[in-house]
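Here is a short report for a first look at a protein model. Start with the rings, then move on to the sheet and the cores.

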Amino acid sequence: MAVERTLSIIKPDAVAKNVIGQILARFEGAGLRVVAARMMQLSEAQAQAFYAVHKARPFFGDLVRFMISGPVMIQVLEGEGAIARNRELMGATDPKKADKGTIRADFADSIDANAVHGSDGEDTARNEISFFFSSLDVNGR
Ligand code: GDP
């Protein structure tokens with residue numbers, strides 16, 4: 001399997017619960033490495049731009065409001081099949097449907113406050129990484 005990079009965000013609910021370290025440990029335990037990281041409070045315009053693909057969806061306003069409700073921790077994860085591996089670790093979008101032992105099953109409260117974001121494909125990963133990081137910020141091996 002190819003070594004890939006993917007964008008991961010620990011959302012405001014999980015940051016508020018003080019579980020950044022526990023979530024990063026899940027990634028590391030599954031063989032993914034953090035190769036770039038930054039903590040920030042998104043502006044409304046930044047959150048709208050990041051989630052532009054969902055602009056027409058009825059939940060867009062709630063999603064943006066939630067994502068700017070507190071600081072987020074953003075990282076690039078690198079490893080074999082990192083995109084799919086991260087999605088497996090995250091679990092289903094709705095934590096009620098997420099498999100036991102996944103990040104969302106263990107740390108998320110609702111479909112809005114669902115603890116983590118992860119890129120869902122190669123193109124998305126490339127675009128999402130460059131949304132937050134310059135190539136100079138990414139410390140691959
Ligand atoms: P993800 O890739 O699993 O994060 O899911 P999507 O890319 O489909 O959606 C992005 C985010 O929008 C999700 O993580 C949820 O926080 C939110 N979202 C998605 N679908 C719904 C929905 O039906 N209702 C609400 N309220 N939020 C949703």
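## Rings, sheet and cores

Ring pairs join Phe-50, Tyr-51, Phe-131 and Phe-132 into a cluster. The model is predicted. Across the whole structure, a search finds four aromatic pairs. Two of the pairs are set out below.

| Pair | Centre to centre | Angle between planes | Kind |
|---|---|---|---|
| Phe-50 and Tyr-51 | 5.0 Å | 80 degrees | edge-to-face |
| Phe-131 and Phe-132 | 4.8 Å | 75 degrees | edge-to-face |

A pair of aromatic rings is described by the distance of the centres and the angle of the planes. For Phe-131 and Phe-132 the planes stand at 75 degrees, so the pair counts as edge-to-face; the cut-off is over 60.

How buried are these residues? Phe-50 and Tyr-51 are both buried. Phe-132 is buried too, because its relative accessibility is 7%. Phe-131 has 35% relative accessibility, so Phe-131 counts as partly exposed.

Four strands form an open sheet in the order 2-3-1-4, and the pairing is antiparallel. Strand 2 (33-40) and strand 4 (116-118) are the edges. Each has a single partner strand, so one side of each has no neighbour in the sheet. From one strand to the next, the twist averages 20 degrees.

Strand 1 (residues 3-10) and strand 4 run antiparallel, joined by three bridges. Ser-8 stands opposite Gly-118 in strand 4. Helix 5 (residues 82-90) lies across strand 1, strand 3 (72-80) and strand 4. Helix 5 runs at about 35 degrees to strand 1.

Now the cores. In soluble globular proteins, nonpolar side chains tend to be buried together. The largest nonpolar core here has 22 residues. Those with the most contacts inside this core are Leu-7, Ile-9, Met-67, Ile-74, Val-76, Phe-132 and Phe-133. Strand 1, strand 2, helix 3 (44-50), helix 4 (60-67), strand 3 and helix 7 (122-132) each give two or more residues to this core. Helix 4 gives the most, with five residues.

What does Met-67 touch, leaving aside residues up to four places away in sequence? Met-67 touches Ile-9, Lys-11, Pro-12, Leu-42, Ala-47, Tyr-51 and Val-72. Tyr-51 also belongs to the ring cluster.

A second, separate core has 18 residues. Among them are Ile-10, Val-19, Leu-32 and Met-90.

How values were computed
Residues numbered from 1 in each chain as written. Predicted model: local features only at pLDDT ≥ 70, side-chain atom pairs only at ≥ 80, totals over all residues. Heavy atoms only, no water. Phe/Tyr/Trp six-rings, centres within 6.5 Å; stacked < 30°, edge-to-face > 60°. Buried < 20%, exposed > 50% of the residue type's maximum accessible area, 1.4 Å probe, protein only. Pairing = 2+ DSSP bridges. Axes fitted to C-alpha atoms, helices over the stretch in contact; angles between N-to-C directions. Contact = heavy atoms within 4.5 Å. Core = buried A, V, L, I, M, F, W, Y, C linked by side-chain atoms within 4.5 Å.
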